[in-house]
Structure formats: structure tokens, C-alpha cells
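Please look over the sequence and the structure shown here before reading on.

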Amino acid sequence: TSSRYHERALRSVGFHPRYPLMASASDDGSIHVFHSMIYSDLMRNPLIVPVKVLRGHNVVNSLGTLAMVFHPTQPWLFSAGADGKIHLFQDL
């Protein structure tokens with residue numbers, strides 16, 4: 001499946017445990033970072049605001065960024081791609 005922000009299939013989606021951040025990684029080689037807020041009032045729509053697009057993985061055999069995870073305490077994001085590389089993004 002894909003989203004309006006990615007050109008190819010989604011591979012990973014995650015939420016930061018301390019900060020109001022979420023991210024999605026895709027076969028297009030990019031990671032999109034969003035500010036997100038979920039309200040306790042379920043009748044109110046969640047707030048999701050695009051913050052940044054992270055690029056660094058090359059697409060190999062139609063596969064791009066395969067996995068991503070947030071650091072547990074810092075606003076950092078780690079990613080792994082089909083190109084065999086692991087990236088640490090610290091400037092979110």
C-alpha cells in the first residue's frame with residue numbers, strides 16, 4: 001500500500017515514544033517525518049503535519065528504505081535500506 005506522500009509501497013511506519021513524531025518509510029527510498037497529535041476525544045480528527053522528507057537510500061531491485069525506528073529518548077531516526085546501508089538522521 002502507499003500514501004499520498006510516497007510514490008511506492010510503504011515498508012515501515014513508527015511513532016516516537018516521547019515526542020509527537022511519526023514517520024513512514026517507503027520503497028521510493030524516502031522517509032517522511034510528521035508531527036502528530038491524537039486527541040482523547042475520538043470525535044476529533046488527529047493532527048498530522050508533514051515536517052521533513054529524509055533521503056539517503058538508493059532503490060535496488062525496486063526496494064528502497066526497508067525499515068526505520070526512532071531512538072527511544074532523542075529525536076533521532078535510524079533507517080535501513082535495500083542498498084545495504086544504515087543511516088542515522090539527527091536533524092529532525
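In which strand does Ser24 lie? Ser24 lies in strand 2, where strands (E, at least two residues) and helices (H or I, at least four) are DSSP runs numbered from the N terminus.

## Basis of the report

This is a predicted model, in which local features need pLDDT of at least 70 and side-chain atom pairs count only at pLDDT 80 or more, while totals for chains, interfaces and linings use all residues. Residues are numbered from 1 along each chain as its sequence is written, and side-chain values use heavy atoms, with hydrogens and water left out.

## Overall fold

The protein has 0 helices and 7 strands, which gives the pattern β-β-β-β-β-β-β when the sequence is read along its length. Its radius of gyration, taken over C-alpha atoms, is 13 Å, close to the 12 Å from the globule rule for 92 residues, so the protein is as compact as a globular protein of that length; the rule itself is 2.2 Å times the number of residues to the power 0.38. Along the principal axes, the C-alpha trace spans about 45 × 30 × 15 Å.

The accessible surface comes to about 5,800 Å², and 54% of this area belongs to carbon and sulfur atoms; such areas come from the Shrake-Rupley method with a 1.4 Å probe, and for residues only the protein chains shown count as cover. Of the 92 residues, 34% count as buried, where buried means under 20% relative accessible area, exposed means over 50%, and partly exposed lies in between (1.4 Å probe, protein chains only).

Strand 1 (residues 10-15) and strand 2 (residues 21-26) run antiparallel and are joined by 5 bridges, two strands being paired if DSSP finds at least two bridges between them. They form a hairpin with 5 residues between them, and within this pairing Phe15 stands opposite Met22 of strand 2.

Ser24 counts as buried, at 6% relative accessibility. Apart from neighbours within four places in sequence, Ser24 is in contact (heavy atoms within 4.5 Å) with a set of residues that includes Ser12, Val13, Ile31, Phe34 and Met68.

## Salt bridges

How many salt bridges does a search of the whole structure find? The search finds 2, a salt bridge being a side-chain nitrogen of Lys or Arg within 4 Å of a carboxyl oxygen of Asp or Glu. In one of them Asp27 pairs with Arg11, with the closest N and O atoms 3.0 Å apart. Asp27 lies in the loop between strand 2 and strand 3 and Arg11 in strand 1, so this pair ties together parts that are 16 residues apart in sequence. Asp27 is buried at 3% relative accessible area, whereas Arg11 is partly exposed at 42%.

Lys52 forms a salt bridge with Asp91, and here the closest N and O atoms are 3.9 Å apart. Because Lys52 lies in strand 4 (residues 47-55) and Asp91 in the segment after strand 7 (86-89), the pair ties together parts that are 39 residues apart in sequence. Lys52 is partly exposed, at 29%, and Asp91 counts as exposed, at 61%.

## A nonpolar surface patch

Met37, Leu47 and Val49 form a nonpolar patch on the surface, with about 210 Å² of accessible area together. Patches are made of residues with over 30% relative accessible area and no salt bridge, with like charges joined within 9 Å and nonpolar side chains (Val, Leu, Ile, Met, Phe, Trp, Tyr) within 5 Å. Met37 is placed in strand 3 (residues 30-37) and counts as partly exposed, at 34% relative accessibility.
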